[in-house]
Amino acid sequence: LIKIYGKVIKVGISSVIVRLEARRHSPYNGTQKLVCETEITFVRVDGDGEAIPLSDKILKKFLDEDKD
């Protein structure tokens with residue numbers, strides 16, 4: 001069984017960086033082992049492929065989560 005976990009690392013003006021981990025879980029003895037990890041940068045782009053700022057709604061969501 002493979003489970004993937006993710007966490008937002010950074011929110012920028014036009015991008016979000018997410019760290020992902022894939023872990024192998026054994027249903028027999030409950031052990032787990034990290035098998036892969038990576039960071040992915042998602043960039044908001046317009047119709048021409050140019051980076052544009054994230055919406056205020058998205059920025060507010062991540063800023064509110066940081067306060068908790």
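Mentor: A strand here is a DSSP run of E with at least two residues, and strands are numbered from the N terminus. By that definition, Ile2 has its place in strand β1, which covers residues 2-11. Please bear in mind that this is a predicted model.

Let us look closely at Ile2. Its relative accessible area is 52%, and exposed means over 50%, so Ile2 counts as exposed. Ile2 also belongs to a nonpolar patch on the surface, together with Ile4 and Val35. The accessible area of these three residues together is about 310 Å².

The wider setting is as follows. The protein contains 1 helix and 3 strands, in the order β-β-β-α along the sequence. Its radius of gyration is 16 Å, whereas a compact globule of 68 residues would have one near 11 Å. Along the principal axes, the C-alpha atoms fill a box of roughly 50 × 30 × 15 Å. Buried residues make up 13% of the 68. The protein exposes about 5600 Å², of which carbon and sulfur atoms supply 55%. Among contacts with a separation of 6 or more, 28% join residues 24 or more positions apart.

As to confidence, the mean pLDDT of the protein is 92, and 96% of the residues score at least 70. Confidence is highest in strand β3 (residues 32-43), at a mean of 97, and lowest in helix α1 (residues 56-67), at 80. Where pLDDT is low, predicted coordinates should not be read in detail.

Notes: Residues are numbered from 1 along each chain as its sequence is written. This is a predicted model: local features need pLDDT of at least 70, side-chain atom pairs count only at pLDDT 80 or more; totals for chains, interfaces and linings use all residues. Side-chain values use heavy atoms; hydrogens and water are left out. Patches are made of residues with over 30% relative accessible area and no salt bridge: like charges are joined within 9 Å, nonpolar side chains (Val, Leu, Ile, Met, Phe, Trp, Tyr) within 5 Å. Accessible areas come from the Shrake-Rupley method with a 1.4 Å probe; for residues, only the protein chains shown count as cover. A salt bridge is a side-chain nitrogen of Lys or Arg within 4 Å of a carboxyl oxygen of Asp or Glu. Helices (H or I, at least four residues) and strands (E, at least two) are DSSP runs, numbered from the N terminus. Buried means under 20% relative accessible area, exposed over 50%, partly exposed in between (1.4 Å probe, protein chains only). pLDDT is the predictor's confidence in each residue, from 0 to 100. The radius of gyration is taken over C-alpha atoms; the globule rule is 2.2 Å times the number of residues to the power 0.38. Contact means heavy atoms within 4.5 Å.
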